[in-house]
Amino acid sequence: MAGGVAIQGTSDVSRVEAPVTFKAYLICAFAAFGGIFFGYDTGWMGGVLAMPYFIELYTGHKYDFATKMPIDVDAKHFVIPSSTSSLFTSILSLGTFLGALVGGDIADFIGRRPTIIGGCLVFTVGCILEIASTNQEVLFVFGRLIAGGGVGFISAVVILYMSEIAPKKVRGAMVSGYQFCITIGILLANIVVYTTQDRNDTGSYRIPIGVQFLWAIILGGGLLFLPESPRYFVKKGEIEKAAKALSFVRGQPEDSAYIKDELAEIIANNEFEMANIPQMSYVQSWLACLKGDISKGDSPIRRTILGAGLQCAQQLTGINFIFYFGPQFFKQLGTIPNVFLISLITTLVNVLTTPISFVTIEKLGRRAILIGGGCGMVVCQFIIAIVGVTAGRSELNNKSAVASMIAFISINIAFFASTWGPTAWVVVGEIFPLPIRSRGVGISTASNWFWNTIIAVITPFLVSADKANLGPKVFFLWGSLCIFSTLFAYFLVPELKGLSLEQADMCMAAVPPRKSRGWRPDHTFATDMAHHTEEKALASEAVEEKV
């Protein structure tokens, strides 16, 4: 061991983390910027698919930009074919699914920070290919796939990075900032699309795509100046680097008692989990996420089901139907003169209501807002569906009924944005132990993108006039699936607000989800590890580094 000050552990559960500093807020806020990628790419595709020039390019139909009417085909049929629309939209999600799985793996080898920067570079290559395409479907699709891989890297590892550096008292609010950035990304995409929609040249779709280079430059460049996750260094056994990174994040000197106590707890928790999830071969390390008794709340398989299932449940609320295919759906309602403006309004609702979660997620807790938000969405979605098949039918041309549907779509978005949108990401970042955290978060994020892909593939066929043509009836489907999502939260999601990541492990082992709200820690891992054998010193005392 190198000479220096021994890092001492503590039995005081209130001292396992340093006080919150403004620097920690700034670091997490900047890392949350990764959500811009997710949101912007979600937002621009739906608008571009409804652009006259883009439709001309990929269908061959002609459009009179002076009269704003198609020339050689009926207006109802002047659309991108369902199969093409499905492919263009879903291929990004397929790329992000693969990127999320690979990204979590790479983050364990080279670190959280370099993986995010690498994701920015991959994303940039994909954008170049998308811009280079004129009417070559293969090139555009290939670009979408590669860009999706970059988004997958970023979406999985940003959550991992933020969860590992955010202070426990505000971790929920900080990680919620990621969802807030997603909503800002969607809003920015809608604004850009709104300003370029009527252009009679390739700038109509190339400008929205090109704007994305800015996000890559800001996030990738800024991360060069931020520290690596201290928990990554602990996982690698590089304790001195972990102490320096933790000191930077917490705004405390390296020899501070707070730094020693928190680092000792991280080390002890890692030792405890490693004893239960030992290091194995590469394939076995992935299979470790599926081991254990499914009835035990802290088993790896139970955590994996919770993470992947929660992300699935989030997608099954149907929210991305509105953001992916909103303009096309609003056009079907028959009474809306400017579908892009309505999409912009619904996106603005999404942005303005997400910050509500910054307060409620720490005051009310994760479980409460997931269950409450789910119930609110169920009610809204069934109201939209019922109005849509009665007074809101397109042939009736009932503007009041359609306006009420738009109102409840906005309320539905508000429920999602303030509850399920951010909270699913917060919980996923909290539930996995350090030995399998990167892979667990990667699997969970991949689940989000897998179901995102499924929804993007099937939705055009569900609502397009030349296919199932469900129209507003599709909200009966989303409402029914949202009931499932709400029940999933009630039975499986634990309450982890106010706990460190190490204390969250204790909570999941100690009580079932429905009793987790009242659980409080009464010991630390540092003291636990001291009692494994009489010969073994406190975990934190086993490491002496220069601090």
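Me: Which residues form one aromatic cluster with Phe54?

Reply: This is a predicted model. In this model Phe54 clusters with Tyr58, Phe88, Phe140 and Tyr205.

Me: How many aromatic pairs does a search of the whole structure find?

Reply: The search gives 25 aromatic pairs.

Me: How is a pair of aromatic rings described?

Reply: Two values are used, the distance of the centres and the angle of the planes. Take Phe382 and Phe476: the ring centres are 6.1 Å apart and the planes stand at 55 degrees, so this pair is tilted. The cut-off behind that label is that an angle over 60 degrees would count as edge-to-face and one under 30 as stacked.

Me: Where in the chain do Phe382 and Phe476 lie?

Reply: Phe382 is in helix α18 and Phe476 in helix α22, which covers residues 474–492. The two are 94 residues apart, and their pair links distant parts of the chain. Phe382 is partly exposed, with a relative accessible area of 23%. Phe476 is also partly exposed, at 30%.

Me: What is the geometry of the rings of Phe484 and Phe488?

Reply: Their centres are 6.3 Å apart and their planes meet at 50 degrees, so this pair is tilted. Both residues belong to helix α22 and sit four residues apart, about one turn of the helix.

Me: Is Phe488 buried or exposed?

Reply: Phe488 counts as buried, because its relative accessibility is 10% and the cut-off for buried is under 20%. Phe484 has 39% and counts as partly exposed.

Me: What span should the 30 residues of α21 have?

Reply: At 1.5 Å a residue, α21 should span 44 Å. The C-alpha atoms at its ends are 43 Å apart, which agrees.

Me: Where does α21 bend?

Reply: The bend is at Val457 and amounts to about 25 degrees. A proline, Pro460, follows within four residues.

Me: How many residues of α21 are buried?

Reply: In α21, 24 of the 30 residues are buried, so the helix is largely enclosed by the rest of the structure.

Me: Which residues lie nearest the centre of the largest pocket?

Reply: They are Ala75, Lys76, Gln328, Lys331 and Gln332, out of 49 residues that line the pocket. The space in this pocket is about 1400 Å³.

Me: Which element gives the most to the lining of the largest pocket?

Reply: That is α15, with six residues. Elements that supply at least two residues each include α15 (319–332), α18 (366–389) and α21 (434–463). By type, the lining has 26 nonpolar, 15 polar and eight charged residues.

Definitions and conventions
Residues numbered from 1 in each chain as written. Predicted model: local features only at pLDDT ≥ 70, side-chain atom pairs only at ≥ 80, totals over all residues. Heavy atoms only, no water. 1 Å grid on protein atoms, 1.4 Å probe; cavity = no way out; pocket = protein on both sides within 12 Å on 5 of 7 lines; lining within 4 Å. Points joined across faces, edges and corners; volume = space filled by probe spheres on them. Nonpolar A, V, L, I, M, F, W, Y, C, P; charged D, E, K, R; others polar. Expected span 1.5 Å × (residues − 1). Bend = angle between axes of the 7 residues up to and from the residue. Buried < 20%, exposed > 50% of the residue type's maximum accessible area, 1.4 Å probe, protein only. Phe/Tyr/Trp six-rings, centres within 6.5 Å; stacked < 30°, edge-to-face > 60°.
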